[in-house]
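Here are my notes on this one, as numbered points. Have the model open while you read.

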Amino acid sequence: MSDSPELVERTVVELPIIDAPGPHPKQRLPKWLKRNVPKGNANHFTQSLLEELQLETVCDSAKCPNRMECYSQKTATFMILGNVCTRACSFCSVPRGKPEELSGDEPDRLAEAAYRLGLKHVVITSVTRDDLPDGGADHYIRCIAAVRERTGATVEVLTPDFIHCREALDRIIVEASPDVFNHNTETVPRLYKRVRGVTSEYAWTLDLLKRVKELNPKVKTKSGLMLGLGETQEEVFAVLEDLLAHDVDFLTLGQYLQPDEQRFLKVERYIPPEEFEMYGRKSKEMGFKQVASGPFVRSSYHARDMAEAY
């Protein structure tokens with residue numbers, strides 16, 4: 001892979017001026033960021049099943065605002081390779097530190113949960129494991145194989161950047177051939193190191209996504225950004241142009257929410273729904289095949305709908 005992204009001729013996008021309230025330490029969340037609690041027992045069924053099979057989800061570990069909605073629909077984004085990350089991203093509430101040993105039966109437990117939930121599209125993500133020689137690639141391959149054998153479901157992976165073991169990406173794509181490969185860009189280049197840490201590289205993220213298509217053109221590629229960290233609209237559209245130039249099919253755009261007031265980046269701005277609608281509309285016009293854009297959109301939010309629509 002190259003050390004820098006391809007140069008993209010920028011197009012001029014007419015941007016509306018939209019006023020929105022900025023955050024304040026004592027300010028309540030805007031009304032569009034308040035949600036009703038789903039009714040019914042499916043939420044408890046999903047939670048109990050995950051506890052029984054001792055599985056981690058990014059829904060819980062990352063304090064996703066959609067957790068109860070997804071659990072009530074008997075779905076979840078499974079998080080493999082443990083629940084301790086070797087990175088210390090300034091936006092993510094997943095615990096960081098020294099990870100535990102890999103669990104050899106995790107692929108079977110994950111497949112059993114997917115089967116009992118009746119999932120037709122299974123999303124698998126993970127913590128970053130810079131401590132492993134292959135970054136956890138072999139474990140990903142085993143999990144994908146186990147899910148397919150047990151359920152016949154399509155599989156979407158949301159992976160780390162594997163920046164310390166670049167051959168790991170090739171193994172996952174060639175040996176496991178997931179139906180959708182997702183790796184989040186997260187933010188704009190100006191904020192990249194501050195948000196994702198000094199190890200991450202914007203150019204590597206772009207090249208990683210393009211490499212997937214080079215290895216297997218049938219795999220759908222997907223990436224997403226968190227908005228509200230101080231980026232400008234011009235910067236967002238520049239990233240979208242870069243993603244399209246690197247053959248990304250699907251896009252997700254959502255609001256960044258600070259997990260903890262003490263340890264994480266502050267929200268610089270709450271993006272109103274009408275601005276997310278503008279981003280979604282223009283992203284489709286630019287050429288993305290599927291777009292999910294809204295305050296509560298996350299990487300795997302309604303992932304099956306997006307994957308099956310194309």
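1. Let's start with F162, which sits in the loop between β4 (154-158) and α6 (167-176); helices (H or I, at least four residues) and strands (E, at least two) are DSSP runs, numbered from the N terminus. Its phi is near 50°, a positive value in a residue other than glycine. F162 is also buried, with a relative accessible area of 4% (buried means under 20% relative accessible area, exposed over 50%, partly exposed in between, with a 1.4 Å probe and protein chains only).

2. Before going on, the ground rules: this is a predicted model, where local features need pLDDT of at least 70 and side-chain atom pairs count only at pLDDT 80 or more, while totals for chains, interfaces and linings use all residues. Residues are numbered from 1 along each chain as its sequence is written, and side-chain values use heavy atoms, with hydrogens and water left out.

3. L81 is another one to look at: phi is about 70°, positive, and L81 is not a glycine. Most residues other than glycine have a negative phi. You'll find L81 in the loop between β2 (77-80) and α4 (106-117), and at 1% relative accessibility L81 counts as buried.

4. On to the nonpolar cores (sets of buried Ala, Val, Leu, Ile, Met, Phe, Trp, Tyr and Cys residues joined through side-chain atoms within 4.5 Å). The largest has 76 residues, and F78, L110, V122, I124 and L243 have the most contacts inside it. Helix α5 (residues 137-151) gives the most to this core, with seven residues. A second, separate core of seven residues includes V180, F250, Y301 and A307.

5. What does I124 touch, not counting residues up to four places away in sequence? Among its partners are F78, I80, L110, Y140 and V157, with contact meaning heavy atoms within 4.5 Å.

6. Strand β7 (residues 250-255) runs parallel to β8, and four bridges join them (two strands pair if DSSP finds at least two bridges between them). F250 stands opposite Q290 in β8.

7. Last, S300. UniProt (unreviewed entry) places the feature "binding site" at C59, C64, C70 and S300; its positions are given in the numbering used here, feature names are shortened, and annotations may be inferred rather than shown by experiment. S300 is in the loop between β8 and α11 (303-308) and counts as buried at 18% relative accessibility. Leaving aside neighbours within four places in sequence, S300 is in contact with T77, V123 and K222.
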